[in-house]
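Here are a few exercises to work through with the structure open beside you. Try each task yourself before reading its solution.

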Amino acid sequence: SNTQRRSRQLDRLEASVTLQVASFFKRQQRVVMEKANSKKLKERWDSSEEVAVDDFFDIDVWNRQLKTDGNTWISAVFLDGAIDVAESRFDTLDMEGKQIQELIQDRISNLLLVNTTTNINLQKMLEAYKGRPHASFVSELQKWMGDSFTKRIKTIVRTEVSGAFNAGLLWAARQLGFTKKTWVHAAGEDGRTEHLHVSSATIGIDENFNVEGKSVRFPGDFEGDGTSVINCRCTLSFA
C-alpha cells in the first residue's frame with residue numbers, strides 16, 4: 001500500500017539523516033570536552049573564578065554549524081516529499097520560488113532548539129557542580145553528553161524527517177493543483193489518540209487541521225503542540 005511504501009521511504013531517509021546528526025553531535029562532544037578539559041578552564045575552576053557555559057559551549061558557533069548541516073538534509077528530505085507527490089511532473093514545480101526557501105528556513109530555525117536544550121542542561125550541570133572538583137565535573141559532562149546524544153538522536157531525526165517530508169508533500173501538492181488533503185495516521189502510532197481523532201479527516205488544501213486545539217497545516221508542523229509533533233510519523237494524501 002501507499003502508506004507502507006511511504007513508511008519504508010521515511011525509514012531510508014531517517015537512516016541517512018541519523019548519520020549526519022550523529023556526526024554533528026560527535027563533533028560537538030569532542031570540541032566541548034576539549035575546552036572543558038583544558039588547562040585554562042581547570043585553573044579558573046580551581047581558583048573559584050566564575051566559569052560560564054559559553055567558556056566551553058559557544059551556542060552561536062554551534063547554531064551556525066547546525067544551520068549549515070541542517071540545511072543540507074532538511075532540503076533533501078523536503079525535496080523527497082515533493083518528488084513523492086509530483087512524480088513525473090516534478091519538473092513543473094517552481095524550485096526557485098521564495099516560498100520553498102521560507103519553508104525550509106522555518107524548519108531549520110526550529111532545529112536550533114537542539115542547541116538551546118543542550119545549553120540549558122549544561123547550565124544546570126555547571127550550577128550543580130560548583131565548588132566540587134573539576135575532574136568530577138568533566139567526568140559527569142562526558143557521561144551526560146554521551147548518554148544524552150544517544151537518546152536524543154532518534155527523536156530529533158524522526159521528528160525532523162517526518163515534518164520536512166510532509167512540508168515538501170504539501171508544498172508540491174498545492175502547486176500541482178490538488179484542492180483537498182487528508183491526514184493519514186501512521187501504523188504503530190496507536191498510543192497517540194489525538195492523531196487518531198484527526199485521522200482520515202479531509203479538508204481544503206489551505207485549511208488547517210485541529211490537533212489538540214492547535215491549528216496545524218500538516219503532521220509535524222511546528223505550529224502544533226510539542227508533544228504531538230515529536231516522533232510523529234503521520235503523513236498526508238491529496239485529491
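This is a predicted model, so let us see what can be read from its coordinates.

**Exercise 1. Find tyrosine 129 and decide: is tyrosine 129 buried or exposed?**

Step 1: Look in the loop between helix 5 (113–128) and helix 6, where tyrosine 129 lies.
Step 2: Take its relative accessibility, which is 12%. Buried means under 20%, so tyrosine 129 counts as buried.
Step 3: List what surrounds tyrosine 129. Leaving aside neighbours within four places in sequence, tyrosine 129 is in contact with Trp45, Ser136, Phe137 and Glu140.
Step 4: Check one of these partners along the chain. Glutamate 140 is 11 residues away from tyrosine 129, and their C-alpha atoms are separated by 9.2 Å.

**Exercise 2. Follow helix 6 from end to end: what is its span, and where does helix 6 bend?**

Step 1: Count the residues. Helix 6 covers residues 134–175, which makes 42 residues.
Step 2: Compare the spans. From first C-alpha to last, helix 6 reaches 58 Å, close to the 62 Å expected at 1.5 Å a residue.
Step 3: Look for the bend. At arginine 152, helix 6 bends by about 30°.
Step 4: Helix 6 is followed by glycine 177, with a positive phi near 90°.

**Exercise 3. Work out the open sheet: which strands stand at its edges?**

Step 1: Write down the order. Three strands form the open sheet in the order 2-1-5, with antiparallel pairing.
Step 2: Pick out the edges. Strand 2 (202–204) and strand 5 (235–238) each have a single partner strand, so one side of each lacks a neighbour in the sheet.
Step 3: Zoom in on one pair. Strand 1 (residues 180–184) and strand 5 are joined in the antiparallel sense over four bridges, and threonine 182 stands opposite serine 237 in strand 5.
Step 4: Bring back the helix. Helix 6 lies across strand 1 and strand 5, at about 15° to strand 5.

**Exercise 4. Locate glutamate 212 and asparagine 231: what is the phi of each?**

Step 1: Glutamate 212 is in the loop between strand 3 (209–211) and strand 4 (214–216). Its phi is positive, about 55°, although glutamate 212 is not a glycine.
Step 2: Asparagine 231 is in the loop between helix 8 (226–229) and strand 5. Its phi is positive too, about 65°, and asparagine 231 is not a glycine.
Step 3: Glutamate 212, at 57%, counts as exposed, while asparagine 231, at 28%, counts as partly exposed.

How values were computed. Residues numbered from 1 in each chain as written. Predicted model: local features only at pLDDT ≥ 70, side-chain atom pairs only at ≥ 80, totals over all residues. Heavy atoms only, no water. Helix = DSSP H or I, 4+ residues; strand = E, 2+ residues; numbered from the N terminus. Expected span 1.5 Å × (residues − 1). Bend = angle between axes of the 7 residues up to and from the residue. Pairing = 2+ DSSP bridges. Contact = heavy atoms within 4.5 Å. Axes fitted to C-alpha atoms, helices over the stretch in contact; angles between N-to-C directions. Buried < 20%, exposed > 50% of the residue type's maximum accessible area, 1.4 Å probe, protein only.
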